[in-house]
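Subject: Structure handover

Hi,

Here is the structure I promised to pass on.

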Amino acid sequence: MNLTDIVQTKNKDVKNGRNTYITPSKSFDGFTKGELIWVKSYDDSAIVVFRPMDGNEHIIEQQFLKYFKLTGR
């Protein structure tokens, strides 16, 4: 997955009144495979997500998006 995929999906979801979710494709760096993470926003090089497992917002930079996949499609 890359930032372009997220931006296109997020923009469609906003237009349709839906939330955008990603999930780690494998466990790494404290993220658990299969956990549901809400994409709040994005910029030119990263996305801002809310992670319910710890109740915090996180910034995921573009180079780490390869460890995630869009879910709920």
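One thing to keep in mind as you read: this is a predicted model.

Leaving aside residues up to four places away in sequence, isoleucine 47 touches Leu3, Ile6, Ile22, Val39, Ser41, Tyr42, His58, Ile59, Ile60 and Leu65. As a general point, nonpolar side chains in soluble globular proteins tend to be buried together.

Five strands make up an open, antiparallel sheet in the order 4-3-2-1-5. Strand 4 and strand 5 (68-71) are at the edges with a single partner strand each, so one side of each has no neighbour in the sheet. On average, neighbouring strands are turned by 40° against each other, direction ignored.

A few details on the pairing:

- Strand 3 and strand 4 (residues 56-61) run antiparallel and pair over six bridges, with alanine 46 opposite glutamate 61 in strand 4.
- The hairpin of strand 3 and strand 4 has four residues between the strands, and glycine 55 there takes a positive phi near 70°.
- Strand 1 and strand 2 are antiparallel too, paired over three bridges, and threonine 20 sits opposite valine 39 in strand 2.

Helix 1 lies across strand 1, strand 2, strand 3 and strand 5, and runs at about 95° to strand 2.

Which side chain does aspartate 13 make a polar contact with? Aspartate 13 lies in helix 1 (residues 3-15), and its side chain makes that contact with the side chain of threonine 20, at 2.7 Å. Aspartate 13 counts as buried because its relative accessibility is 2%, where the cut-off is under 20%.

The other is threonine 23, in strand 1 (residues 20-24). At 5% relative accessibility, threonine 23 counts as buried too. A polar atom of the threonine 23 side chain lies 3.4 Å from the backbone oxygen of glycine 34. Not counting residues up to four places away in sequence, threonine 23 touches Gly34, Glu35, Tyr67, Phe68, Lys69 and Thr71.

Cheers

Terms used
Residues are numbered from 1 along each chain as its sequence is written. This is a predicted model: local features need pLDDT of at least 70, side-chain atom pairs count only at pLDDT 80 or more; totals for chains, interfaces and linings use all residues. Side-chain values use heavy atoms; hydrogens and water are left out. Helices (H or I, at least four residues) and strands (E, at least two) are DSSP runs, numbered from the N terminus. Buried means under 20% relative accessible area, exposed over 50%, partly exposed in between (1.4 Å probe, protein chains only). A polar contact is a pair of N or O atoms within 3.5 Å; within protein, one must be able to donate a hydrogen and the other to accept it, and residues adjacent in sequence count only if both atoms are side-chain atoms. Contact means heavy atoms within 4.5 Å. Two strands pair if DSSP finds at least two bridges between them. Axes are lines fitted to C-alpha atoms, for helices over the stretch in contact, and angles run from 0 to 180 degrees between N-to-C directions.
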